[in-house]
2 protein chains.
Amino acid sequence: MIEINETHDQNLKSWIESANTADTDFPIQNLPFCVFNRAGTYENTRIGVGIGDFVLDVYPCYEAGLFDDESFTIAVAAHNYCLDHSAMKKNPSLQRAFRRRAIEILSKNADEQTRRIVQRNLIPINEAEFWMPVHIGDYTDFYCSIFHATNVGSMFRPDNPLLPNYKYVPIGYHGRASSVVISGTEITRPKGQNRSDADAPPQFVACKNLDYEMEVGFFVGKGNELGESVSLDEAEEHIFGLCLVNDWSARDIQAWEYQPLGPFLAKNFATSISPFVVTMEALAPFRVPAFKRDGGDPQPLDYLSSENNQKFGGLDLTLEVYLQTEKMRDENIEPFLLSRSNTKDLYWTIGQMLTHHASNGCNLQTGDLMATGTVSGDSKDSRGCLLELTWRGTEPLELPNGETRRFLEDGDEVIMKGFCEKEGFRRIGFGECRGVILPAE
Amino acid sequence: MIEINETHDQNLKSWIESANTADTDFPIQNLPFCVFNRAGTYENTRIGVGIGDFVLDVYPCYEAGLFDDESFTIAVAAHNYCLDHSAMKKNPSLQRAFRRRAIEILSKNADEQTRRIVQRNLIPINEAEFWMPVHIGDYTDFYCSIFHATNVGSMFRPDNPLLPNYKYVPIGYHGRASSVVISGTEITRPKGQNRSDADAPPQFVACKNLDYEMEVGFFVGKGNELGESVSLDEAEEHIFGLCLVNDWSARDIQAWEYQPLGPFLAKNFATSISPFVVTMEALAPFRVPAFKRDGGDPQPLDYLSSENNQKFGGLDLTLEVYLQTEKMRDENIEPFLLSRSNTKDLYWTIGQMLTHHASNGCNLQTGDLMATGTVSGDSKDSRGCLLELTWRGTEPLELPNGETRRFLEDGDEVIMKGFCEKEGFRRIGFGECRGVILPAE
């Protein structure tokens, strides 16, 4: 586990004033990576770091001498269009060197010349267009919230909501890498087979029960060879950083297709991720013990157990989902908070997910994305998808302007946010993961 | 559908005599692509074409002027290490131009100078080392044999072997792309959670019920954009070619982990593919009607129906699985034929699989691999995996030297073969897909 050090000091301030406000997602203690260019231009994409209301364009700062070769390689790609796979593999030591140097040039101690160079390379976030931060080889989605699994299970299998493997196996399945898209990408409502009437043949129609799922993703930095496994205490050295994930789900397609091999077309039409990748080092102050199991619950098997994981494997990351309908936008009504949950309530830690994934010798590769599955808590207002919030559509939500929702309608925008806060530390945020629903084609 | 033309003429002969033997997999009518180098050297990999007992090294033939730029681009990569994605997208017209020119230089009509150039660039297959023919973005595995689905279903759900969606939905799920390996790669027995005793906790142990699955794969040539679909009559224009696939399966891990989201660690430790990619054009003479549904079976929904698919969507490709144990190798006993099946018995065609996959707007990409699922037929000797052949281990197989098998043992080699034959045409083959089991680490 990464230790808390001077880069987490809450008294560190930046000479960029917007990084010092209480509510910024990107204080100097965060410094998440992204890939961006200026919106509306055809210029090449480049590596950026979020700071206050800006993205710092890293490459020209390197050219001007602000980073040495070693600390810079973590942030630059051979082709500069995404985070460099070969550099990500060297994580975490180079990443730490980059973080330390970035803090120096952004802190109040930076000299005038440094500030002038940085200033030239700050792009306001609202003028930036974001791109996939990395080429994703394989995408795996887990199912690690016991509250989500129990809720969903009790709708589909009332007598037997939680299957017997759940408390032993971090359940996961392979998702589709090609359709992972960056926040802001419009989501076309999928068509698919729907068999809502069990006495009639299915129909191929536009999805009627379109849903989101509030998840957290993590990128593999260093991989492992085929046939090798990764011990739990080594697992986090293989994680480059975290982002927000919206695992869009077509519930009617899912209900009809998912047996016996799992969800397929219900999921692979789109998965949205937030543009900023928050590093494991930035998250160090917010690590918490792994989920406390009930007395009657089995302990994890040996390969999924370690003292470090037990003490620090969890993460206190608050997640929020907001909805703004087309009508709300027209009426200037702010996005409405649908739920608030926290990754500390996940039954399995991210380290356990990664270790389980490689436990059979499966080769994880730099740039792979893994996601937690829907993060739901114990209470109703912490349910991370509409399936749970509206109990399969039977308890519609009421919105501030009187509209109601069972599932998503065309024109609805889902906005996800995430942040960590703790007494004695600066709050850090994940930015946003957004997506608007377009009608089926 | 690609029509039968003069390149399929059975009277075409090559000046390379081994391509004219009755039992060669690679007559001049086939010309499958591969990526190879000379075994034991560190030379770069290059694009090859199978012809008789040889692989033709294509690039130096191009350099020597035997191919024009256009017909050559189909076979050469910008980086030459695998089939070029941008060239694959141009399929099928460029592929046809390449095929025609390759037949000219390999046929008996080729002049002396052409033969001299080709001769210099023929590498005996048994001196070649093969590599992945293409970078696979996403790998999807289907479940398209109704005989396999019924057999497996009746073991796990005796009252309800075939689920109600089967005859409407080409059931598929996402596999792991990173662990798809080339034929000949040794397969390490995976470890995983096994709960053979339902009254005790699971144990993390080496897989006890290791199996193969005989499948056929197809590579996407031209992709589609996110949000777009692919009509059934266009589907085959998106397919570059076919190979053999062994979807190694850990049945004990699978039984415990697969609910509710499908197989995961039971499959993603390795999937083997044969090195030669047989093109759609080479397969033209062997197309047959789609599977004939029973009178009581529903017709496919409109998006999965077309006259062309009905008439020519199937493929008459015979598949064979052989086993050679370590003891058989020591005793010089030939590999033993375990089963023989045929893709014409698949309930869904490859066109239907691809169209279904993109029907929700999922973006297929050049280089994606899709596989059919285990190809089993109606009879016992056509069952495409040990799970079916030994009926979950309850009816062990007897081998010629008196050994028996419920599932695979360490040292066992599984060898898969495939070929098409039809009166009036030359037989064409797929080569082999091999893998030896190593003990768990």
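Leu226(B) is found in the loop between strand E13 (214–220) and strand E14 (239–246) of chain B, helices (H or I, at least four residues) and strands (E, at least two) being DSSP runs numbered from the N terminus. The model is predicted, so local features are given only at pLDDT of at least 70 and side-chain atom pairs only at pLDDT 80 or more, whereas totals for chains, interfaces and linings use all residues. Residues are numbered from 1 along each chain as its sequence is written, chains are lettered from A in the order in which they are written, and side-chain values use heavy atoms, with hydrogens and water left out.

With a relative accessible area of 32%, Leu226(B) is partly exposed; buried means under 20%, exposed over 50%, and partly exposed in between (1.4 Å probe, protein chains only). Leu226(B) and Cys362(B) are 136 residues apart in sequence, yet their C-alpha atoms are 5.6 Å apart in space. Not counting residues up to four places away in sequence, Leu226(B) touches Gly361(B) and Asn363(B), and also Ser179(A), Val181(A) and Phe269(A), where contact means heavy atoms within 4.5 Å.

Between the two chains, 56 residues of chain A are in contact with 56 residues of chain B. The buried area is about 5,200 Å², with 61% given by carbon and sulfur atoms; this is the accessible area (1.4 Å probe) that two parts lose on being put together, summed over both. In chain A, His174(A), Leu261(A) and Phe264(A) lose the most area to chain B, together 15% of what that side buries.

The count of salt bridges between chain A and chain B is 4, a salt bridge being a side-chain nitrogen of Lys or Arg within 4 Å of a carboxyl oxygen of Asp or Glu. Arg176(A) and Asp368(B) form a salt bridge with an N to O distance of 2.6 Å. Several elements of chain A, including strand E6 (139–142) and helix H10 (350–358), each supply at least two residues of the side that touches chain B. Strand E7(A) gives the most, with 3 residues.

In chain B, helix H5 (residues 112–120) has Thr114(B), Ile117(B) and Val118(B) buried. Seen down the axis of H5(B), the buried residues fall within an arc of 95°, so they line one face of the helix; the arc is that of the directions from the helix axis to the C-beta atoms. Gln113(B), Arg116(B) and Arg120(B), on the other side of H5(B), are exposed. Helix H11 (residues 350–358) of chain B is mostly covered, 9 of its 9 residues being buried.

Over all chains, 52 salt bridges are found. Arg340(B) and Glu320(B) form a salt bridge, their closest N and O atoms being 2.8 Å apart. Arg340(B) lies in strand E21 (residues 336–342) of chain B and Glu320(B) in strand E20 (residues 318–324) of chain B, so the pair ties together parts that are 20 residues apart in sequence. Arg340(B) is partly exposed, at a relative accessible area of 43%, whereas Glu320(B) is buried, at 6%. In the salt bridge of Glu403(B) with Arg405(B), the N to O distance is 3.5 Å, and both residues are buried.
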